[in-house]
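The exercises below are to be worked through with the sequence and the three-dimensional structure at hand. Each task is followed by a solution in steps.

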Amino acid sequence: MIFVVAALEEECLGLVGRWGLKLELSVHGTPQKIYSGTRFGTSIKVVVTGVLQHNAVSMLSKLLIQGIPRAVVNFGCVGAYEGRGLRIDFQTEIAWYTRPFLLQTADLGVRRDVVCTTGSRFSLGQPGCDCEDMELYGLASLASAHEIPLYSVKYVANYCNEDGPKDFERNVVTARAAGEGVATRLVDMLCRKGKL
């Protein structure tokens, strides 16, 4: 079993359609959903958690009761800090790792020199960082505690500024297309090989 975790449905609907997954659960009154199916004989669950670390950790914790997955893949967008070299670029694919958690990496032809920080709202930048993510650190902590390999594939849909929410809405569908190819290659490798 492999869990692909995204904060918002808009971030992962392309994968759901591409992989032919079916809606398994929709939590009334929340954005939380689970889509399920199989790839190469491996059970896949795309989990929509809602924004921020507490939602991601809560939803994934509930799923761990069903069993420990082979891997967790965090998929979705990051907000880029202006002037740090990242841009809203529909051809750029970003996979990154965080410290102090070891995030598994694979040779997927993506950038690995991006430094990402955690954030709970759009900030205007943090020293030495290129972008921010709102869920990954919570997922990294949970995966580390359960010794689950964690992978992350991210793309840029907006800058972290006052226009960030509007830019996200305008760009997410187009921006995620680049990341979907990387996520599909990664999940397919995990399904076929078991680990990287």
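Both Phe75 and Tyr155 are buried, a term that stands for under 20% relative accessible area, with exposed meaning over 50% and partly exposed in between (1.4 Å probe, protein chains only). The model is predicted, so local features need pLDDT of at least 70 and side-chain atom pairs count only at pLDDT 80 or more, while totals for chains, interfaces and linings use all residues. Residues are numbered from 1 along each chain as its sequence is written, and side-chain values use heavy atoms, with hydrogens and water left out.

**Exercise 1. Describe the aromatic pair of the structure and state where its two rings lie.**

Step 1. Apply the rule: rings of Phe, Tyr and Trp (its six-membered ring) pair if their centres lie within 6.5 Å; planes under 30 degrees apart count as stacked, over 60 as edge-to-face and the rest as tilted. The structure holds 1 such pair.

Step 2. Phe75 and Tyr155 form this pair, with 5.5 Å from centre to centre and 55 degrees between the planes, and it is classed as tilted.

Step 3. Helices (H or I, at least four residues) and strands (E, at least two) are DSSP runs, numbered from the N terminus. Phe75 belongs to strand E5 and Tyr155 to strand E9, and the pair links parts of the chain that are 80 residues apart.

**Exercise 2. Identify the elements that build the largest nonpolar core.**

Step 1. A nonpolar core is a set of buried Ala, Val, Leu, Ile, Met, Phe, Trp, Tyr and Cys residues joined through side-chain atoms within 4.5 Å. The largest one has 29 residues, and Val4, Trp19, Val46 and Val73 have the most contacts inside it.

Step 2. Two or more residues come from each of strand E1 (2-6), helix H1 (9-18), strand E4 (42-48), strand E5 (71-80), strand E9 (150-159) and helix H4 (164-193). The most, 9 residues, are given by H4.

Step 3. Take Val73 as an example, where contact means heavy atoms within 4.5 Å. Beyond its neighbours within four places in sequence, Val73 touches Ile2, Phe3, Val4, Val5, Tyr151, Leu186, Val187 and Leu190.

Step 4. Another core of 17 residues lies apart from the largest one, and includes Ile34, Met59, Ala143 and Ile148.

**Exercise 3. Is Glu180 buried or exposed, and with which residues is Glu180 in contact?**

Step 1. Glu180 is located in helix H4.

Step 2. With a relative accessible area of 8%, Glu180 is buried.

Step 3. Its contacts, leaving aside neighbours within four places in sequence, are Gly14, Leu15, Arg18 and Phe75.

**Exercise 4. Explain why helix H3 is largely enclosed by the rest of the structure.**

Step 1. The buried residues of H3 are Leu136, Tyr137, Gly138, Leu139, Ala140, Leu142 and Ala143.

Step 2. Glu147 follows H3 and lies in the loop between H3 and E9. Glu147 counts as exposed, at 73% relative accessibility. Its phi is positive, about 55 degrees, although Glu147 is not a glycine. Most residues other than glycine have a negative phi.
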